[in-house]
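Please look over the notes below with the model open.

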Amino acid sequence: PPPSGACTASVSLNTWTGGFVATVRVTAGSAGLSRWSVNFGLPSGTTLVNTWNAQPSGSSGNVTFRNMSYNGTVSPGTSTEFGFQGNGNPPTGTPTCSAS
């Protein structure tokens, strides 16, 4: 069954010394989504190098990723993905997803 909240976000990481790539899956709740955003807290000294399938609000610290025009609509219980590459340590907290 779809999640009961607006959406959930999960992250998988590919890390190496001095950098990482994060793949984030946004899954819609029972109502589906027309727009979404995902918030990450990046560790001190970590900066974004590249982002795909989302628009970031900044490049360090507390970063919010918002959907692009082509992937904002997500049907109930289905998902879309975006990713980003960073220099420094990968995020360690759980990403926060919300309908926006």
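**Notes on the model**

1. V26 touches C7, T8, L33, W36, V38, T78, S79, T80, F82 and C97, leaving aside residues up to four places away in sequence (contact: heavy atoms within 4.5 Å). The model is predicted: local features need pLDDT of at least 70, side-chain atom pairs count only at pLDDT 80 or more, and totals for chains, interfaces and linings use all residues. Residues are numbered from 1 along each chain as its sequence is written, and side-chain values use heavy atoms, with hydrogens and water left out.

2. The largest nonpolar core has 20 residues, of which V26, W36, V38, F65, F82 and F84 touch the most other members. Such a core is a set of buried Ala, Val, Leu, Ile, Met, Phe, Trp, Tyr and Cys residues joined through side-chain atoms within 4.5 Å; buried means under 20% relative accessible area (1.4 Å probe, protein chains only). Two or more residues each come from β1 (7–16), β2 (19–28), β3 (36–41), β6 (62–66) and β7 (79–87), with β2 giving the most, five. Strands are DSSP runs (E, at least two residues), numbered from the N terminus.

3. One disulfide (cysteine sulfur atoms within 2.5 Å) is found in the whole structure. It joins C7 to C97, S to S 2.0 Å, and is left-handed, at -105 degrees about the S-S bond. Because C7 lies in β1 and C97 in β8 (residues 96–99), the pair ties together parts 90 residues apart in sequence. Both cysteines are buried.

4. P95 sits in the loop between β7 and β8. Its relative accessibility is 9%, so P95 counts as buried. P95 touches A9, S10, V11, V38, N39 and F40, again not counting residues up to four places away in sequence. The C-alpha atoms of P95 and F40 are separated by 5.2 Å, although the two are 55 residues apart along the chain.

How values were computed:
Buried means under 20% relative accessible area, exposed over 50%, partly exposed in between (1.4 Å probe, protein chains only). Helices (H or I, at least four residues) and strands (E, at least two) are DSSP runs, numbered from the N terminus.
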